[in-house]
Structure formats: structure tokens, C-alpha cells
Amino acid sequence: MAPEGGPASGSGARAESGPPEVRAAGCVLWRRAEAGGIEFALVHRPKHGDWSHPKGKLQRDEAPVAAARREVREETGAEIVLGRRLTTQRYLAQGRPKEVDYWAAEAVSGEFVPNDEIDRMLWLPPAEARGTLSHPANRALLDEALATLDGALSRPGAASVPGVSGGGRSGGGSSVQGRGRGA
């Protein structure tokens, strides 16, 4: 487990005793950029003062994949197409073990609306997204998703996304289909 307050990569063991584990799910959300390449969505959580991938706690009897879809829609307004499952993150949050299942997901429609949990959302090219994320484990997830996308998008017959590992700086706008650094 990682120290309290920050995610760690997925090799931590589950707690055998103590407080119950918190379960959550989310996505490394991406879209095709109008100018070529891809952009990743990052959300700002004012309560924590950080930039992260959209995620949230599972509801009672909710499957992680359903929670990932719901949380992305609630936090970003995006409707998604789920991709590959990514590394599960395990860490301590407020003294309790937390496990977060992640997937790569393509945003295909939707509009961001700020709320109490998420006040801003940015669409950024990979390098800028990596530099903006607050926690090292979130950067590792972005790298994992990027490697997955690079392989999937470069296969013969796959839709071509030029500049998957690069891309330019975005302009204004906050829709999934629009350009931009978000709201």
C-alpha cells in the first residue's frame, strides 16, 4: 500500500483486518483530437486540490465496470466506449485501504458541467496531461493507456490516429467533441 493521500500502482495486498476496503472505479478517458492525435480528460477535485482521472466509489452491489461508466458520466458528462482494463490501484485513503479498478475509455459524446465534486475538466495532449496529473500512479495509468492505444490504433485496419504520442496544445471549449482545455 502507498502512504495515505496518494495512489500507488496495483501490486499492494488486500488488508486482512482493520477498516473495510473502499472500492472504486474509473477511466483514463481519451478522445480523438480534431488536429490529429489524441487528448486525455483530467478532472479537478476542489476538495482534494488535485488533477486526476475520473473515478468514484461503487454503489451497493454495483459492478466495477458499471461504476466506471457511471462515474465518468457523472464527473465529465461523457458517454464512453470502454477499452482495455488497466492496472488496479491500491492505496490508503483516510486510513482505509482503497482499491480502484480502471479502464481506458474513449469519449464519444457529452458535455461537461461543473459540479460540487468536479469544478474543472481539461482535454490535454498526452505530454501535457502527464505533467498536469497530481499523483505519480495516475501518470503511470496514463502511460499504460497510451501504450494500449498506440498498439490498438496502429494495427492494420484500425482507425488511424496520427500523433498518438504527441499532439498540440488545445484551444477553448469543454464538450467531448469540441476542442479544449475545458471549463
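Which side chains are joined by a polar contact of 2.9 Å? The side chains of Glu106 and Arg32 are, a polar contact being a pair of N or O atoms within 3.5 Å, of which, within protein, one must be able to donate a hydrogen and the other to accept it, while residues adjacent in sequence count only if both atoms are side-chain atoms. The model is predicted, so local features need pLDDT of at least 70 and side-chain atom pairs count only at pLDDT 80 or more, whereas totals for chains, interfaces and linings use all residues. Residues are numbered from 1 along each chain as its sequence is written, and side-chain values use heavy atoms, with hydrogens and water left out.

View 1. Glu106 is buried at 17% relative accessible area, where buried means under 20%, exposed over 50% and partly exposed in between, with a 1.4 Å probe and protein chains only. Leaving aside residues up to four places away in sequence, Glu106 touches Leu29, Trp30, Arg32, Glu79, Ile80 and Val81 (contact meaning heavy atoms within 4.5 Å).

View 2. Arg32 forms a salt bridge with Glu106, the closest N and O atoms being 2.9 Å apart; the term denotes a side-chain nitrogen of Lys or Arg within 4 Å of a carboxyl oxygen of Asp or Glu. Asp101 is buried at 2% relative accessible area, while Arg23, at 26%, is partly exposed. Both residues belong to a network of salt bridges that links Arg23, Arg85, Arg90, Glu99 and Asp101.

**View 3. Helix H1 and what covers its buried residues.** H1 comprises 13 residues, 64–76, and reaches 18 Å from its first C-alpha to its last, close to the 18 Å expected at 1.5 Å a residue (the expected span being 1.5 Å times one less than the number of residues). Among the buried residues of H1 are Ala67, Ala68 and Val72, and the cover of its buried residues includes strands S1, S2 and S5. Just after H1, Gly77 takes a positive phi of about 80 degrees.

**View 4. The salt bridge between Arg130 and Asp143.** The side chains of Arg130 and Asp143 meet at 2.9 Å, N to O. Arg130 lies in helix H2 (residues 126–132) and Asp143 in helix H3 (residues 136–153), so the pair ties together parts that are 13 residues apart in sequence.

Key:
Helices (H or I, at least four residues) and strands (E, at least two) are DSSP runs, numbered from the N terminus.
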